[in-house]
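Dear colleague,

Here is the structure I promised to pass on to you.

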Amino acid sequence: MLQTAFSFLKYDRAKSIGTMVGITLSVFLVGQQTGVFLFLTNSIINVVNSNRQYIWIVDESTTDANKTVPLDVRIGREIASIAGVKQVHEVVISAGSVKRLNGKTAGLSLIGVQAPAYAGMWNVEPETSPSLLLTEGALFMDVFSENLKDVKVGEAFELNGERVYKAGQTRGTQGLGIDYAFTTIERARSLTGFSSDKVSFFLVEAQPNVDKVQLVNRINAAIPGIRAWTGEAFAESTFTRAVVSGGFAATFGFLIVFAIIAGFVIIGLTLYSAANERIQDYGTLKAIGATNRYIARLILLQAIILAVIGYGIGRLFVEGFRLLLLSIGSNFSFSVWLEVGFISVTLFIALGGSLFAIRRITSLEPASVFRR
């Protein structure tokens, strides 16, 4: 049957190539839109997702890590007294305005962290020592900063009218439309006017072998006005609030579904047309004893062959797209389940599209082809 399937495909190369191109295009569009969605959502939850090893302490009304309400620093001392807490770290996030020596301006969000743990700072480049933040005016900035990526290490500029400089680099720390820079918590407060008795949130380290969920419950029960989250739960809440509730997921979901439907229709019509042109061959097969089941399996096998080839080519294009975005700092990756999903979608498009051709051929009376 495999040889017969290949013979049918080679007979009408144009339609076989057309079907394969349709599958390739669908795979690429689905992969591309999924990749962009992953990158954007990762950017939205980057702060919390990169610090999910900690327990997060925020205001009781906060469900999104990008919209925190300042907390009193004294709450940190209360948290530190609770059994199971190893250390409490203060973190400040506040906005500033950059003015460079060449006159260019840009916005910048400062994340202030405490030495020597520097909890809340992530993805520091190997050649950058965190202790460099202790030098006067030092900031760490992302290699792929949206508006400030051309700032060189050692270059000075003004932030809110104060002289600072780029002392080191991070990689992949951008938010969605936000350039983050790291500095000490004292400098972040001084540069942005953030109150010295407030923090944006606390990051809590649990003692070894302490259950984080139980510790979260103890903190919530002991201190009113705040809410403790495990990093995983807060990342999920931020994702839900910022992505799902905001209609972000629906937009990309629509584009992905549209790509699947378009591929389904294109492939279905192409396979139907190819089957219609070879109707005499299929009729001859039925006349010499081929059953409808055999014919259906033959058409499905052709669809699977085209799906495998089309998926391979489409996936290469998606990988090329991913590497292109990676070169400009837009990083994302596909999980094993997403890869399985891509393969499943490809088979659905190909096999679903082949049903048009199967319906046409199985309804054919063998004798009718000889009356043509």
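Pro116 sits in the loop between β4 and β5, where strands are DSSP runs of E of at least two residues and helices are runs of H or I of at least four, both numbered from the N terminus. The peptide bond that leads from Ala115 to Pro116 is cis, with omega near 5 degrees. The loop between β4 and β5 also holds Asn123, whose phi is near 55 degrees, a positive value in a residue other than glycine. With a relative accessible area of 42%, Asn123 is partly exposed, a class that lies between buried (under 20% relative accessible area) and exposed (over 50%), with a 1.4 Å probe and protein chains only.

Before going further, please note that this is a predicted model, in which local features need pLDDT of at least 70 and side-chain atom pairs count only at pLDDT 80 or more, while totals for chains, interfaces and linings use all residues. Residues are numbered from 1 along each chain as its sequence is written, and side-chain values use heavy atoms, with hydrogens and water left out.

As to the whole chain, its secondary structure comes to 11 helices and 11 strands. The radius of gyration is 29 Å, well over the 21 Å that the globule rule gives for 372 residues, so the protein chain is more spread out than a compact globule; the radius is taken over C-alpha atoms, and the rule is 2.2 Å times the number of residues to the power 0.38. The C-alpha trace spans about 95 × 55 × 30 Å along its principal axes, and 49% of the 372 residues count as buried. Of the contacts (heavy atoms within 4.5 Å) between residues at least 6 apart in sequence, 79% join residues at least 24 apart.

One such place involves Ile256, which lies in helix α8 (residues 248–277). Ile256 and Val30 are 226 residues apart in sequence, yet their C-alpha atoms are 5.3 Å apart in space. Leaving out residues up to four places away in sequence, Ile256 touches Val30, Gln33 and Thr34.

Turning to charges, the protein chain has 33 positive and 28 negative side chains, and the centres of the two sets lie 12 Å apart. Here Lys and Arg count as positive and Asp and Glu as negative, without His and the chain ends, and each charge is placed at NZ of Lys, CZ of Arg, CG of Asp or CD of Glu. There are 8 salt bridges, each being a side-chain nitrogen of Lys or Arg within 4 Å of a carboxyl oxygen of Asp or Glu.

One of them joins Glu90 and Arg189, at 3.3 Å from N to O. Glu90 belongs to strand β3 (residues 85–99) and Arg189 to helix α5 (residues 185–192), so this pair links distant parts of the chain, 99 residues apart. Both Glu90 and Arg189 are buried. Helix α5 itself is largely enclosed by the rest of the structure, because 6 of its 8 residues are buried; among them are Ile185, Ala188 and Leu191. Just after α5, Gly193 takes a positive phi of about 75 degrees.

A second salt bridge is formed by Asp150 and Arg100, whose closest N and O atoms are 2.9 Å apart. Asp150 lies in the loop between β5 (138–142) and β6 (156–159) and Arg100 in the loop between β3 and β4 (105–113), so the pair ties together parts that are 50 residues apart in sequence. Asp150 counts as partly exposed at 36% relative accessibility, whereas Arg100 is buried at 8%.

Within helix α10 (residues 292–326), Glu319 and Arg315 are 4 residues apart, which means that about one helical turn separates them. They too form a salt bridge, with the closest N and O atoms 3.6 Å apart. Glu319 is partly exposed, with a relative accessible area of 25%, and Arg315 is buried, with 15%. Salt bridges that share partners join Arg315, Glu319, Arg322 and Glu339 into one network. Arg322 is also placed in helix α10 and is buried, with a relative accessible area of 16%. Apart from its neighbours within four places in sequence, Arg322 is in contact with Asn331 and Phe332.

Lastly, please look at Asn209, in the loop between β10 (201–206) and α6 (212–222). Asn209 has a positive phi of about 70 degrees although it is not a glycine, and at 85% relative accessibility it counts as exposed.

With best wishes
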